[in-house]
Amino acid sequence: MTVQRTVGSLVAHAHERGVRVLTLDSPANRNALSSALVGELGERLREAGADDDVRAVVLTHTGGTFCAGADLRDPPDPDALVALLRRIVELGKPVVARVDGHVRAGGLGLLGACDLAAASTAASSFAFTEVRIGVAPAVISMPLLPRLDPRAVARYYLTGERFDAVEAARMGLVTVAGEDVDEALAPLLGGLRKASPEALSETKGLLTVKVLEAFDRDAESLTAVSARLFGSAGAHEGMTAFLERRDAAWVL
């Protein structure tokens with residue numbers, strides 16, 4: 001498989017046996033969701049959705065971090081993030097996350113929007129870190145809350161604790177966890193390659209009804225919550241503390 005990279009691109013792409021592989025490739029900020037990356041990933045997904053040769057999409061990453069969450073120096077507009085997550089959910093082809101590294105905050109929203117996810121038990125860790133920088137996992141709740149164990153998500157939303165790939169699989173954040181992520185991923189891709197493209201699209205539609213209902217119902221209010229919190233004094237202190245590698249003022 002030949003990976004195609006364009007100078008200045010943040011998302012590399014490749015194609016093999018009906019699978020379009022989109023690789024987050026922004027090592028300078030640990031694949032954080034900058035406005036540029038969000039825009040480019042959305043466009044790559046649009047292209048994959050329009051390509052009749054694409055049976056499924058794999059979303060993966062370079063480096064030891066799948067996605068560090070929102071880029072605090074260049075955060076995406078909340079509406080743009082909503083549009084990206086909805087594009088993943090609405091895409092007429094299954095989107096599969098391949099996670100072989102750390103995932104934080106908004107990066108977990110990408111996982112929640114994907115239909116399937118495989119994660120490495122050896123390299124992956126997860127955390128909803130929003131509360132520790134003075135914001136909330138508002139927009140990403142739309143794809144996550146309909147799919148996750150309520151008690152588990154309450155714990156990790158409220159505490160910001162890290163958890164591993166085994167726990168991520170137990171709570172429904174990932175589909176399968178294994179020491180070698182590609183071995184864990186192989187049966188998922190094998191099954192998708194054996195399925196009718198039309199049947200896959202219709203079946204995905206059955207599975208995403210509740211998620212899309214959440215987008216229709218909550219997108220406007222949660223976007224407003226996100227914008228308000230990111231502009232608050234608490235978020236300014238939390239983000240400054242994070243960038244300065246110190247405790248925020250409220251830490252006891």
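## A pocket and a helix pair

The largest pocket here has a volume of about 1,200 Å³. This is a predicted model, where local features need pLDDT of at least 70 and side-chain atom pairs count only at pLDDT 80 or more, while totals for chains, interfaces and linings use all residues. Residues are numbered from 1 along each chain as its sequence is written, and side-chain values use heavy atoms, leaving out hydrogens and water.

**The pocket lining**

- Of the 42 lining residues, the closest to the centre of the largest pocket are Ala68, Leu72, Thr129, Ile133 and Phe242 (lining residues have an atom within 4 Å of a pocket point).
- Two or more residues each come from α2, α9 and α10 (233-243), and α10 gives the most, with four residues.
- By class, the lining has 25 nonpolar, seven polar and 10 charged residues (Asp, Glu, Lys and Arg count as charged; Ala, Val, Leu, Ile, Met, Phe, Trp, Tyr, Cys and Pro as nonpolar; the others as polar).

**Helices α2 and α9**

- The axes of α2 (residues 78-90) and α9 (residues 209-230) come within 10 Å and cross at roughly 165 degrees, which makes α2 roughly antiparallel to α9 (an angle over 145 degrees).
- The crossing of α2 past α9 is right-handed.
- On the α2 side, the contact (heavy atoms within 4.5 Å) is made by Pro78, Asp79, Val82, Leu85, Arg86, Val89 and Glu90.
- From α9 come Val211, Leu212, Phe215, Asp216, Ala219, Thr223, Ser226 and Ala227.
- These contact residues of α2 and α9 divide into nine nonpolar, two polar and four charged.

How values were computed:
Axes are lines fitted to C-alpha atoms, for helices over the stretch in contact, and angles run from 0 to 180 degrees between N-to-C directions. Angles under 35 degrees count as roughly parallel, over 145 as roughly antiparallel, 65 to 115 as roughly perpendicular and the rest as oblique. A crossing is left-handed if the near helix is turned anticlockwise from the far one by less than a right angle, and right-handed if clockwise. On a 1 Å grid over the protein atoms alone, a cavity is a set of points where a 1.4 Å probe fits but cannot get out, and a pocket is an open set with protein on both sides within 12 Å along at least five of seven lines; lining residues have an atom within 4 Å of a point. Grid points are joined across faces, edges and corners, and a volume is the space filled by probe spheres set on the points.
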